[in-house]
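Dear colleague,

I am handing over the structure below, and after it I set out what was found. Please read the notes with the model open beside them.

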Amino acid sequence: MYNMSNMKGNGTQKEARLARLKNEIVEYVATQQSCSAADIVHHLSNERRMRNHGLTARKVGFFIPRYLSDLISFTLDHSTGKRLYHIAA
């Protein structure tokens with residue numbers, strides 16, 4: 001019988017989901033000139049059918065600087081206050 005407190009959650013499925021999410025975000029941002037986190041979430045959840053990942057614009061906004069800061073940068077749209085993501089040059 002497994003003790004749930006001993007499980008760390010560093011399995012292969014978690015790594016595979018992380019890798020897929022990274023690839024999907026980079027591919028989408030590369031095809032779009034500049035896009036917001038809401039645009040990314042809409043594309044991933046509706047077009048790529050990643051609905052069971054629990055993606056929100058807030059989560060994507062925290063995910064990109066944490067995992068993809070070397071590939072994706074952002075500019076601030078001062079009229080709306082949103083970050084617009086693009087491939088880092």
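Not counting residues up to four places away in sequence, Ser 45 touches Met 50 and Arg 51 (contact means heavy atoms within 4.5 Å). This is a predicted model, in which local features need pLDDT of at least 70 and side-chain atom pairs count only at pLDDT 80 or more, while totals for chains, interfaces and linings use all residues. Residues are numbered from 1 along each chain as its sequence is written, and side-chain values use heavy atoms, with hydrogens and water left out.

Ser 45 lies in helix α2 (helices, H or I of at least four residues, and strands, E of at least two, are DSSP runs numbered from the N terminus). Ser 45 counts as buried because its relative accessibility is 16% (buried is under 20% relative accessible area, exposed over 50%, partly exposed in between, with a 1.4 Å probe and protein chains only). Its side chain reaches the backbone oxygen of Val 41 at 2.8 Å.

The largest nonpolar core has 17 residues, of which Ile 25, Ile 40 and Ile 64 touch the most other members (such a core is a set of buried Ala, Val, Leu, Ile, Met, Phe, Trp, Tyr and Cys residues joined through side-chain atoms within 4.5 Å). Two or more residues of this core come from each of α1 (12-31), α2 (37-47) and α3 (57-67).

In α3, Val 60, Gly 61, Phe 63 and Ile 64 are buried; they lie on the same side of α3 because they cover an arc of only 165° around the axis, the arc being that of the directions from the helix axis to the C-beta atoms. The buried residues of α3 pack against α1, α2, β1 (72-77) and β2 (82-87), whereas the face turned away from that buried side carries the exposed residues Arg 58, Phe 62 and Arg 66.

Best regards

How values were computed:
Polar contact = N/O pair within 3.5 Å; in protein donor to acceptor, adjacent residues only side chain to side chain.
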